[in-house]
Every structure is written in structure tokens, then in C-alpha cells.
Amino acid sequence: MAPKIHPLGERILVKPTAREEVSRGGIVLPDTIKEKPQEGEVIAVGEGKRNDKGERIPMDVKVGDIVVYAKYGGTDIKLEDDDYIILRESDILAKKD
């Protein structure tokens, strides 16, 4: 169930992909040394930013898309015991097919 939050403007709510990282020797790495995920599923999308004429510019991503985002972009939030990140559309680097 999606959280009841609606990103504004050109912002996107993403649920980072959880991945268990294991060393080459098979040791599971603790959360303290894991790298922050840079991939996740789009959960909610804002209406898009406005151009100089006040018209909405459509977003390039939609709910359900899997995206790759900038490593240090966005704001981490916790909703209903789950971790999410709110990103600007410009923080999205790519979509996966």
C-alpha cells in the first residue's frame, strides 16, 4: 500500500531498492558499511514544474518505473516504518526497462 503523501511540483517519491550486500568471501555486510542505494521504484509523482507561461511540463517518469538516481540527491524520509526518498526530477539519471 502506497503511503498517503503527494510530492509537489517536479518532485518524485521513490522507495529505494533493498539489497543485501555480500562480500566476495560470502560475508553479509552490515548496514553501517553498505553504500546508499541509488535505485528504486517510483511510488508517487508530482504534477511537474511550470514553464514561463505557467503551463505544466509533463514528468518523464510514472508510478511503477524503476529509476537510477544521483548518489547524494534527495531527502530521506520514513513513512509507516518504510524508508523513502523524495527527489527532484533532475536527480533522476535513468529509467530501467
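Tutor: The structure contains zero aromatic pairs. The model is a predicted one.

Student: How many helices and strands are in the protein?

Tutor: Start by listing the elements along the chain. Here there are zero helices and six strands. Along the sequence, the pattern reads β-β-β-β-β-β.

Student: In what order do the six strands stand in the sheet?

Tutor: Sequence order and sheet order are separate things to read. In this protein the six strands make an open sheet, in the order E4-E5-E1-E2-E3-E6, and the pairing is antiparallel.

Student: Which strands stand at the edges, and why is one side of each left without a neighbour?

Tutor: Look for strands with a single partner strand. Strand E4 (75-79) and strand E6 (92-96) each have a single partner, so one side of each has no neighbour in the sheet. As for the angle, neighbouring strands of this sheet are turned against each other by 40° on average, direction ignored.

Student: How many bridges join strand E1 and strand E2?

Tutor: Pairing is read from the bridges between two strands. Strand E1 (residues 11-16) pairs with strand E2 (residues 39-45) in the antiparallel sense, over five bridges.

Student: Over the face of which residue does Lys15 lie?

Tutor: Lys15 lies over the face of Tyr84, and the distance from the ring centre is 5.3 Å.

Student: Is Val14 buried or exposed?

Tutor: Relative accessibility decides this, and buried means under 20%. Val14 has a relative accessibility of 0%, so Val14 counts as buried. Its place is in strand E1.

Student: Which residues is Val14 in contact with, leaving aside its neighbours within four places in sequence?

Tutor: With those neighbours left aside, the contacts of Val14 are Gly40, Glu41, Val42, Ile43, Val67, Tyr69, Tyr84, Ile85 and Leu87. Take Tyr69 as a case: Val14 and Tyr69 are 55 residues apart along the chain, and their C-alpha atoms are separated by 9.6 Å.

Student: What share of the contacts in the protein with a separation of 6 or more comes from residues 24 or more positions apart?

Tutor: This is a count over the whole chain. Residues 24 or more positions apart account for 62% of the contacts with a separation of 6 or more.

Student: What percentage of the residues of the protein count as buried, and what does its accessible surface come to?

Tutor: The protein has 97 residues, and 26% of them count as buried. Its accessible surface is about 7,000 Å², with 51% belonging to carbon and sulfur atoms.

Definitions and conventions. Residues are numbered from 1 along each chain as its sequence is written. This is a predicted model: local features need pLDDT of at least 70, side-chain atom pairs count only at pLDDT 80 or more; totals for chains, interfaces and linings use all residues. Side-chain values use heavy atoms; hydrogens and water are left out. Rings of Phe, Tyr and Trp (its six-membered ring) pair if their centres lie within 6.5 Å; planes under 30 degrees apart count as stacked, over 60 as edge-to-face and the rest as tilted. A charge sits over a ring if NZ of Lys or CZ of Arg is within 6 Å of the ring centre and within 35 degrees of the ring normal. Helices (H or I, at least four residues) and strands (E, at least two) are DSSP runs, numbered from the N terminus. Buried means under 20% relative accessible area, exposed over 50%, partly exposed in between (1.4 Å probe, protein chains only). Contact means heavy atoms within 4.5 Å. Accessible areas come from the Shrake-Rupley method with a 1.4 Å probe; for residues, only the protein chains shown count as cover. Two strands pair if DSSP finds at least two bridges between them. Axes are lines fitted to C-alpha atoms, for helices over the stretch in contact, and angles run from 0 to 180 degrees between N-to-C directions.
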